[in-house]
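Subject: Structure handover

Hello,

Here is the structure for your files. My notes on it follow below.

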Amino acid sequence: MVKESLLHNLLEAALDSQRVFPREEAASYIVDGLIPQVVALPETVEEVAEVMRLASREDAAVIPWGGGIAMSLGNTPRRYDIALSLSRLNQVVEYEPSDLTATVQAGKTLADFQRHLAEHGQSLALDPPSPQEATIGGILAVNASGPSRHAYGTARDLILGMRAVQADGRIIKAGGRVVKNVAGYDLSRLFIGSLGTLGIIVEASFRLAPMPRAERTAVVSLPSAQEAWRFAAQTANFGLRAVELLNAGALRQVPGLAEAAADGYALVLAATGEPAAVERSLKEMGELSQRAATASLAEVDESAQDQLWQAIASLARPSPTNAALVCKAAVLPSQVPTLSEQIETMRRELAFEPLLVSHLTAGIVYSAWPLPQDEGVQRPLDLATTLRQAVARLRGSLVVEACPLALKEKIDVWGEPAADFPLMRRLKEQFDPQGILNPGRFLGRL
Amino acid sequence: MADRKLVRELQAIVGRDGVVHAPEDLLVYEYDATTQRGLPEAVVLPTTAQQVSQVVKLARRRGLPVVARGAGTGLSGGAIPTAGGIVLVMTRMRRILEVDVENRLAIVEPGLVNLDLSAALSRYGLYYAPDPSSQKACTLGGNVAENAGGPHCLAYGVTTNHVLGLEVILADGQIVWLGGKTADRPGYDLRSLVIGSEGTLVIVTKIIARLLPLPEATITLLAIFNEMEQASQAVSTIIGKGILPAALEMLDKLTMGVLEEAVHAGYPPDAGAVLLIEVEGLPDSVGEEAEALRAICENTGAREVRIGFTPGDREALWAGRKEALGALGRLAPSYYILDGTVPRTKLPQVLRGVYEIGEKYDFLIANVFHAGDGNLHPNIAFDESQPGQTEKVLAAGAEIMRLCVDAGGTITGEHGVGMEKRDFMRWIFSDDDLEAMKRVQVAFASEQRFNPGKIFPAAIDRGEITSRHRAVSQSLGPDAYI
């Protein structure tokens with residue numbers, strides 16, 4: 001067992017008292033009801049390494065923190081001694097606009113980083129929810145993405161390299177800062193989406209994207225998800241940045257879109273690129289919707305579109321105040337309509353009102369199910385189970401991204417491990433033999 | 001040479017015609033596009049994943065290494081069986097098993113030739129984006145092993161950005177899927193680990209490839225500069241202005257001179273450098289982009305910009321680029337192709353350094369490369385038959401690699417580490433970095449089984465059998481270009 005006072009003292013020696021909080025002041029670092037013994041706020045990569053050396057020596061379990069917005073993700077921690085906040089590692093390490101690459105520390109918030117890049121007309125082509133709070137390290141650890149993945153893919157398509165601190169405190173580097181590099185195993189992509197269970201990401205290098213010269217947004221209302229899919233399939237060559245599918249419940253939450261679909265769906269499409277190409281894409285989408293008897297297209301006012309996209313991006317973000325079940329399903333894009341219809345059926349049978357938001361062309365379907373404060377565990381459990389079965393029939397995956405704690409005790413939020421799991425377990429044993437990094441929270445309770 | 005019992009056991013798995021074991025026949029599998037050598041004990045040509053699994057199990061019982069091989073076009077010695085053992089030639093597994101047009105993906109076998117996939121997909125209006133320059137010959141399995149790139153990777157990314165899932169054989173013979181058709185699968189991204197692992201972790205038996213819709217319009221530009229510095233400046237300006245063409249290639253003066261003699265490609269031999277630029281997309285946008293590119297090139301000093309709109313015109317502009325490697329054979333009996341990446345803004349400085357190294361060692365060095373990515377391919381011309389030349393060319397190559405690393409770059413952009421560059425790994429990675437990578441190999445339990453003697457420096461890679469390093473030469477085949 002870790003001795004609280006000993007740990008605290010050692011941390012004070014390694015950092016200083018300004019950057020270490022005891023348990024009494026650690027309440028905001030709660031994870032699934034567990035409060036850590038101590039909170040550490042290192043300011044340098046070397047200090048992160050120092051904390052990990054100490055954690056390793058003391059066999060203390062560490063949960064790395066970024067902005068804290070995705071802490072509901074994952075199974076309940078097996079143990080939790082140190083909250084390791086990366087928030088003070090928030091510098092841009094290197095940025096050469098003419099190279100279209102940048103290196104940034106893990107604790108930098110996405111919004112801060114984007115502001116920096118925007119000065120040169122560039123951006124990191126990632127738009128996950130809550131950019132004001134979300135940090136680069138956190139985004140990478142959970143492989144967060146947003147509507148722009150239609151055009152730019154996910155963090156694994158943008159990463160060039162990273163530095164990470166291993167469980168034993170050793171600092172490693174993978175990849176590099178140049179846009180083409182095949183030297184050695186691709187540990188950067190391995191670390192993306194590993195929820196901090198293999199090492200602590202402290203620095204990342206990215207390929208950047210020039211900001212498009214024009215962007216316009218259109219909303220196409222359609223009576224069914226099937227018709228939305230057919231519509232979207234005809235836009236393949238249009239130079240779109242995003243193709244989002246929202247159900248009526250989700251549309252009601254977005255200012256300006258409430259009237260877009262009485263009880264159906266709406267596709268929200270962003271056309272980007274050269275102004276002439278954007279105009280043509282919009283025009284052709286208008287023609288497509290006129291040909292389809294049941295579709296109607298509305299162009300979003302240019303001054304309102306940024307806000308609109310921010311609202312859409314945060315729809316599936318678990319609310320910190322209201323209890324909700326938030327699930328992320330991944331199926332083949334063509335199966336999104338089928339899954340959406342099945343969820344509609346569940347909605348009627350279970351008398352829930354879910355918000356459905358899909359990254360349509362990636363086959364990602366977020367469903368957020370608001371729960372009454374006094375909700376027991378049974379209905380959410382039935383819901384998650386039914387949903388998981390529906391997704392399994394489509395050979396997809398379902399992750400419960402947020403749910404009441406009582407439900408977490410009854411399911412693996414990541415789903416059943418597959419035949420490749422023994423390899424994953426051996427990787428975890430290799431990279432974190434003591435099991436001190438986020439123990440128990442990942443797939444198969446690694 | 002193979003012992004008879006091994007041959008019989010292998011024949012029982014793949015049939016008599018699936019095993020090559022006569023010493024004179026084995027020689028064919030001793031090398032790839034490098035001239036490094038390693039002789040296998042037996043060569044097996046499987047047709048199913050089950051057969052691969054059984055061969056791997058047999059190799060395990062016998063303690064033999066297994067090296068998977070595609071077309072043998074690799075440029076880093078990745079397919080060479082340095083420690084002998086069994087070579088698995090995957091070229092009989094070349095079927096397209098499924099094309100899902102709606103979801104834009106295909107399931108293929110690893111022996112399928114890269115260009116054959118895109119050719120088969122064209123009737124659906126789809127294609128597979130990574131286009132290594134050997135794409136008429138190289139296989140998708142080899143592309144996965146090396147995380148292959150190509151001229152059009154500037155806009156679309158390399159192999160890892162276009163492969164969704166892999167069916168693989170583990171070192172114990174087990175068949176498992178890593179990744180799959182659907183996105184964001186829970187768990188560690190083992191697919192990414194395998195891509196670019198140079199055959200050292202698993203044997204790939206099926207590939208789920210992501211497909212793209214064919215662009216509606218393509219325009220090719222050839223910008224001719226008197227000075228290479230001007231061409232480099234144009235590259236930096238293009239990227240810095242936020243234009244990301246589909247391809248952005250550079251050829252230097254020496255290359256153009258040889259090309260003009262060899263094929264009359266129409267690149268002016270008195271020019272300092274040319275840029276070959278391609279833009280793709282909607283007809284409405286490519287026209288504007290092409291105009292913007294022309295303006296940048298002219299402002300940075302291009303004396304002429306030729307533009308090709310029709311397939312015929314575009315092909316004519318590309319002809320010299322595609323013939324370049326073949327033509328370089330005229331410079332000297334052999335040439336050594338290097339592969340390194342530097343930040344794009346460092347191109348002028350690094351190119352100057354490359355020519356200085358050429359002068360220092362008294363070699364002609366021709367540069368034909370993916371300028372938009374900062375991915376250099378200096379080609380050192382030399383005569384292998386002259387005593388001491390091979391050692392000298394390797395020394396010059398190492399110096400150029402060092403130059404790339406010192407400029408903030410890396411030792412390989414797309415050809416892989418293989419045997420050739422394993423000792424340069426320490427220039428970019430610490431012992432701790434390499435050990436972390438080694439742990440992956442331990443987790444896959446593949447260390448002694450799959451393609452030993454690759455990627456890791458010999459000191460890290462304990463127990464490996466070193467082979468004599470020799471220089472790259474002329475065995476690339478008529479259609480290859482880098």
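Which residues of α9(B) and α11(B) meet? B:Thr255, B:Val258, B:Leu259, B:Ala262 and B:Val263 in α9(B) meet B:Gly320, B:Glu323, B:Ala324, B:Ala327 and B:Leu328 in α11(B), contact being C-beta atoms, placed from the backbone, within 7 Å.

Before the rest, some conventions. This is a predicted model, in which local features need pLDDT of at least 70 and side-chain atom pairs count only at pLDDT 80 or more, while totals for chains, interfaces and linings use all residues. Residues are numbered from 1 along each chain as its sequence is written, and chains are lettered from A and ligands numbered from 1 in the order in which they are written. Helices (H or I, at least four residues) and strands (E, at least two) are DSSP runs numbered from the N terminus.

Helix pair in chain B
By class, the contact of α9(B) with α11(B) has seven nonpolar, two polar and one charged residues. Nonpolar here covers Ala, Val, Leu, Ile, Met, Phe, Trp, Tyr, Cys and Pro; charged covers Asp, Glu, Lys and Arg; the others, Gly among them, are polar. Helix α9 (residues 253-263) and helix α11 (residues 311-328) of chain B pack at about 90°, with their axes 9 Å apart. Axes are lines fitted to C-alpha atoms, for helices over the stretch in contact, and angles run from 0 to 180 degrees between N-to-C directions. The two helices, α9(B) and α11(B), are therefore roughly perpendicular (65 to 115 degrees).

Strand β4 of chain B
Strand β4 (residues 86-89) of chain B is covered on both faces, with B:Ile86 and B:Leu88 buried on one side and B:Val87 and B:Val89 buried on the other (20 or more other C-beta atoms within 10 Å of the residue's own). β4(B) pairs in the parallel sense with strand β2 (residues 42-44) of chain B over three bridges; pairing takes at least two DSSP bridges. Strand β3 (residues 66-69) of chain B is also parallel to β4(B), joined by four bridges. B:Leu88 stands opposite B:Val44 and opposite B:Ala68.

Sheet in chain A
Five strands of chain A form an open antiparallel sheet in the order β5-β6-β10-β8-β9. β5 (92-96) and β9 (171-175) of chain A are at the edges with a single partner strand each, so one side of each has no neighbour in the sheet. The twist averages 10° from one strand to the next.

Chain contact
Finally, 71 residues of chain B are in contact with 67 residues of chain A. α15(B) gives the most to chain B's side, with eight residues.

Regards

Definitions and conventions: Contact = placed C-beta atoms within 7 Å. Parallel < 35°, antiparallel > 145°, perpendicular 65-115°, else oblique. Buried ≥ 20, exposed ≤ 12 C-beta atoms within 10 Å, placed from the backbone.
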